[in-house]
Structure formats: C-alpha cells, structure tokens
Amino acid sequence: MKRKLRAFTLIEVMIATVVTTMIAGTVVALIQGFVSALSIQDLRSEAIVRSAGVQSHLGLLSLKTRMSLALSPQRVLLWLPAETLLTSGSGSDAAFDRIDLAEDELHWLEFVQEEDATWTLIEWTVKNNMVEATESAVFTVDGSFWDDLFLQLNEAGKLRRSPIASGLAAPELLSGIAKSPRFVWQTSDCCQNRSVGVEFAFVALMGNEILQADVRLESAIAFFDRHPICSESGS
Amino acid sequence: MLKRAEGMGMRRAMTLIECMVALVILTLSASIMVMAVQGGLAAQEEALSMTLAGTAAESRIAEYLSKSYPTIAVADITEAPGAIKTPTGEFFSYSYNKMSRRTIVTSANLTVPDFPGLIVQGYLFDVTVSDSWQGQARKLVSLQRFRPWTTEEEGDVTP
C-alpha cells in the first residue's frame, strides 16, 4: 500500500524561509567582508610593492646622478655622467661640459596620466641607436633648454619610454588633495639641489568609501658635483 | 518503517544531530577563514606602516645628506605624532599621522677594521620612527647613516 505524502504546513514553510534567509544573509555578509578585505589587501600590497620599486629605482638613479638639470612638479631631468676618469680628460672643462646623448647620460622622470585617470611614473632615456654617436649637448643651468630638448627628442621618437610604477594617484596633503603625483626637491636651483623625491598615492574604492595610502619618498644625490658654470653664474 | 521508505525509493531526511554537526562544521570553517583574513590584514597593515615609516626615516636621512656639511650640527630632535615634517618644511600626509620620529645626530669617527689607524671624521645620523600599538609605543623602523667629512665639502667647485 502506497503511503500518502503530506504537504508542508505554513509554519514549516515560514521557519524554512526564515532559516534560509538568515543563512543567505550570513553568506552574503561573509562574501562582502572578504571582498572588502581583498580590496584593502590589494591597496596595501600595491603601496608596499610599488613604492619599494620606486624607492629602489630612485635610489639607484640618485646614486649615479651628478646634478639635476631641470625640475618641475611633473618632470625632472637627472644627469648621470657616462665618462670615467680615464675618458673625461680628468679636470678638462670641455669633457665635463659635454653630455653625450648616445651614452645614456640623460634620464627624465615624468608623471603621465593614463586614459583611466591613474598616473604612471615613466623614465625616458635617449635611444642610442637613434642619435649620432657624436651628438651631444653642452651643460647649461637653463631648465627650459632641457625641456625643449625633451620635446624635440620625444617628437622625433628618439626617447625610450620605461614605466617604473603605474596605478598611482594624487596624494592627499594636509593642505588638500594635490592635482597629481609630483616631484619634490630641496631647492629649484640645480646648482644647489642635492635631493629628489616623489609624492604619490594609491587609491581603492570600497563601496562608497575611498581607501587611500599616501607615500613620500626622498633620495639624496649621493655624489653631487657642482659644475664650474654654477660658480660663474653666481649660483 | 525506515527500511520500507528506502525500499520504496524515498530518501530519508537528515536527523537533527546531522544538521547540527553540519552547522558546527560550517561555522568553524567560516570562523577559521575570517580569522585567516583578519590575521592577513593585520600583518599587511603592519607591513605598510613599516614601509611608510621607512620612507619617513629615509626622508630625514636624505635631508641631512643633502645639507651643506658645515651646516650640520649635533642634535636630538623628536617630532610628535602628526607633526613630522618633510625637508621642505611641510607636514607629511595623513597616512603618516600616527607616526613619531626621533633624529639623533652625533659627531663620530668611523674606523675601518682592515685599515688600522684610518679614522674618518663625520656625523652619524640615527633616525627612529615609531607609532602607538595597543597604547604602547612601537618602534617601526630605525635607520643609521654615516656622513664622512671630505675635502670636497669645503670646495665650491668639483672636480
């Protein structure tokens, strides 16, 4: 004889609904918690890893830098001499003046905004196969000369673009949020300036909340050399 | 009756004990996952604090290395939380707000073990960045750097 199955009562259905809703709510809250935790972890990981990368790169450049030739919040130019004591003529002003474009002596660092509104720190160097071996520039304290040279070389496709760190944002300073990541320095006089630094931030959105980590890095120019022209110009 | 139900192709329902055991296992698993994530977050927060503290300490070291040598003097400076300044005199951003910084500058002589008798005169910079953790001061980073006196320090032009 086949046993007849009875239907659920209203109370049973209600209890089951309540229990299911509670479990679903707990699971959703748990997932949301994990997602927000992952967002925070992503932000912190980016801040740790990328700022360490920028710091090591900046430290390496400043270790080799003789002088900063042009300084602006968006772009700086570092002069890394290629000549050795043997090839420089040891004390010859002419050799000291010459900046060989084919010898990787000029390194521009620039913050560039990407299409997704984030910023990338780019290093620009001269492609040595695109310039004549004898092509050079003579040292000058005029920053606009170096800006013009950058534009000329960039338009001619003679600069190599190497991203150092991407996904950067404008830092939040005590005076308000800056317009963009920026370079900082000791003094704008390149004959006196002995340090280069950067300020940037990492930003992540978590619902309506904005998570932000601001970073400021600074590096001293370890082997700063004041050029003879600096003394002549009174700097 | 149970055998008869199974024999008729019907599956038996879970008992209350089985249900409770399942719920306990689910709760324990969820708790372990939450604790693991929380532990990871706490460790990462500390790592980020140490990274930022390192940049604040390095900033002070860079400031002293950038100074003209004759302007450096022996000092012991403590900056309170929220009051640490950049070399250009601005306050550090909010991310550094809980950190304090102590800078000790001492006149020191550097000796090189492989060169007996060689003594290099200079300054030793000792920078410590701390924050507060559960009501107690916690040292995050401590950096030391020596700046030697060189003949170039007195000349205006090199080489």
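Me: Axes are lines fitted to C-alpha atoms, for helices over the stretch in contact, and angles run from 0 to 180 degrees between N-to-C directions. At what angle do α1(A) and helix α2 (residues 16–66) of chain B pack?

Reply: This is a predicted model, in which local features need pLDDT of at least 70 and side-chain atom pairs count only at pLDDT 80 or more, while totals for chains, interfaces and linings use all residues. Residues are numbered from 1 along each chain as its sequence is written, with chains lettered from A and ligands numbered from 1 in the order in which they are written. Both helices are DSSP runs (H or I, at least four residues; strands are E, at least two), numbered from the N terminus. The axes of α1(A) and α2(B) are 10 Å apart, and the angle at which the helices pack is about 25°.

Me: How many residues of chain A are in contact with chain B?

Reply: Two residues are in contact if their C-beta atoms, placed from the backbone, lie within 7 Å. Chain B contributes 28 residues to this interface, and the number from chain A is 32.

Me: Which element gives the most to the side of chain A that touches chain B?

Reply: The elements giving two or more residues to that side are α1 (10–64), β8 (172–173), β12 (209–220) and α4 (228–232) of chain A. With 11 residues, the element that gives the most is α1(A).

Me: How many nonpolar residues are in the contact of α1(A) with α2(B)?

Reply: Residues of α1(A) including Leu30(A), Phe34(A) and Ile48(A) meet residues of α2(B), among them Val37(B), Leu41(B) and Leu48(B). Counting Ala, Val, Leu, Ile, Met, Phe, Trp, Tyr, Cys and Pro as nonpolar, Asp, Glu, Lys and Arg as charged, and the others as polar, this contact has seven polar and two charged residues, while its nonpolar residues number 12.
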